[in-house]
Amino acid sequence: MPFGNQEVNRCPRCNQAVYHAEALPAAGKQWHKTCYRCGLCKKMLEPMTVTEHEGNLFCKQCYARKFGIRGVGFGIGAGALAMDTGDRFGNTESLSNKPNYATPPGTAANKDTNADE
């Protein structure tokens, strides 16, 4: 009987062995029941509320906050138009709403440099 060296699945969150009785499959990996939590808010997940992004698990609300569509007209209700960047949830990858183009010629910033000439 082949009881030899079998490959043990490891939980991606805690890196401990996951046995069949305690395994929850998600994102192509096996997770412990206690590790099956949202990556941002740490809420316990269920199979119907889990979403995956690059191997990490998120609840649907946190996934929409972190990776969802941004801008006017996308979302439901007035809460979707807020300028919340999600810092309190650990989102450090949000985009700023400031333009990143150079100031147009003739503005106050350029007049100061032209006055020196």
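Accessible areas come from the Shrake-Rupley method with a 1.4 Å probe.

**Figure 1. Overall fold of the predicted model.** The structure shown is a predicted model. The accessible surface of the protein amounts to about 9,400 Å², and carbon and sulfur atoms account for 54% of this surface. Of the 117 residues, 20% count as buried. The secondary structure consists of 2 helices and 4 strands, arranged from the N terminus in the order β-β-β-β-α-α. Among contacts between residues at least 6 apart in sequence, 18% join residues at least 24 apart.

**Figure 2. Confidence across the elements.** The mean pLDDT of the protein is 75, and 61% of the residues score at least 70. Among the elements, strand β4 (residues 56-59) has the highest mean pLDDT, 90, whereas helix α2 (residues 108-115) has the lowest, 56. Where pLDDT is low, the predicted coordinates should not be read in detail.

**Figure 3. Surroundings of His32.** His32 is located in the loop between β2 (29-31) and β3 (50-53). With a relative accessible area of 9%, His32 falls under the 20% limit and is therefore buried. The side chain of His32 reaches the backbone oxygen of Ala17 at 3.0 Å. A polar contact at 3.4 Å also links the side chain of His32 to the side chain of Glu22. Leaving aside residues up to four places away in sequence, the residues that His32 touches are Cys11, Cys14, Gln16, Ala17, Val18, Glu22 and Leu24.

**Figure 4. The largest nonpolar core and the contacts of Cys38.** The largest nonpolar core holds 15 residues, of which Trp31, Tyr36, Cys38, Leu45 and Leu57 touch the most other members. Strand β4 supplies the largest share of this core, with 3 residues. In soluble globular proteins, nonpolar side chains tend to be buried together. Cys38 touches Arg13, Lys43, Leu45, Leu57, Phe58, Cys59 and Cys62, when residues up to four places away in sequence are not counted.

Figure 5. Asn15, in the segment before β1 (24-26), has a positive phi of about 60 degrees although it is not a glycine. Ala27 lies in the loop between β1 and β2. The phi of Ala27 is near 55 degrees, likewise a positive value in a residue other than glycine.

Note on methods: Residues numbered from 1 in each chain as written. Predicted model: local features only at pLDDT ≥ 70, side-chain atom pairs only at ≥ 80, totals over all residues. Heavy atoms only, no water. Buried < 20%, exposed > 50% of the residue type's maximum accessible area, 1.4 Å probe, protein only. Contact = heavy atoms within 4.5 Å. Polar contact = N/O pair within 3.5 Å; in protein donor to acceptor, adjacent residues only side chain to side chain. pLDDT = per-residue confidence, 0-100. Core = buried A, V, L, I, M, F, W, Y, C linked by side-chain atoms within 4.5 Å.
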